[in-house]
Amino acid sequence: MKTRTDLRAGDALQTCKQQKENWKSKAEHMEWVLANCRPAPVPPGPTPPAAGGGWVGGVWYADRSGICG
């Protein structure tokens, strides 16, 4: 029976540790990016007409109180 002497013990473990550190670094970087990003400014909505009324679900409804029909 021959014994292999050219094997390096721990290579697989070292590779695994390197990959783990690489992914850990990427995850920490993404957390930092998300924690420090500023949200895009929200554009102002359309200006309501001069007459009374209000917005409902993003739609302007004029004030029709006192109008018959």
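Ala62 is placed in strand β2, where strands are DSSP runs of E of at least two residues and helices are DSSP runs of H or I of at least four, both numbered from the N terminus. The model is a predicted one, in which local features require pLDDT of at least 70 and side-chain atom pairs count only at pLDDT 80 or more, while totals for chains, interfaces and linings use all residues. Residues are numbered from 1 along each chain as its sequence is written, and side-chain values use heavy atoms, with hydrogens and water left out.

Strand β1 (residues 53–56) and strand β2 (residues 59–62) pair in the antiparallel sense over four bridges, pairing being assigned if DSSP finds at least two bridges between two strands. Within this pairing Gly54 stands opposite Tyr61 in β2. The two strands, β1 and β2, form a hairpin with two residues between them, and Gly57 in the turn has a positive phi of about 60°. Ala62 has a relative accessible area of 48% and is thus partly exposed, a class that lies between buried (under 20%) and exposed (over 50%), as computed with a 1.4 Å probe on protein chains only. The C-alpha atoms of Ala62 and Gly52 are 6.0 Å apart in space, the residues being ten apart in sequence.

Of the 69 residues of the protein, 0% count as buried. The accessible surface comes to about 7,000 Å², of which 60% belongs to carbon and sulfur atoms; such areas come from the Shrake-Rupley method, and for residues only the protein chains shown count as cover. Met30, found in helix α1 (residues 11–36), is partly exposed at a relative accessible area of 45%.

As regards aromatic side chains, one aromatic pair is counted, formed by Trp55 and Trp60 in an edge-to-face arrangement, with 5.5 Å centre to centre and 70° between the planes. Rings of Phe, Tyr and Trp (its six-membered ring) pair if their centres lie within 6.5 Å, and planes under 30 degrees apart count as stacked, over 60 as edge-to-face and the rest as tilted. Trp55 is partly exposed, with a relative accessible area of 40%, and Trp60 is likewise partly exposed, with a value of 22%. Lys26 lies over the face of Trp23, at 4.7 Å from the ring centre, the criterion being that NZ of Lys or CZ of Arg is within 6 Å of the ring centre and within 35 degrees of the ring normal.

Note on methods: Areas by Shrake-Rupley, 256 points an atom, 1.4 Å probe, with all protein chains shown as cover.
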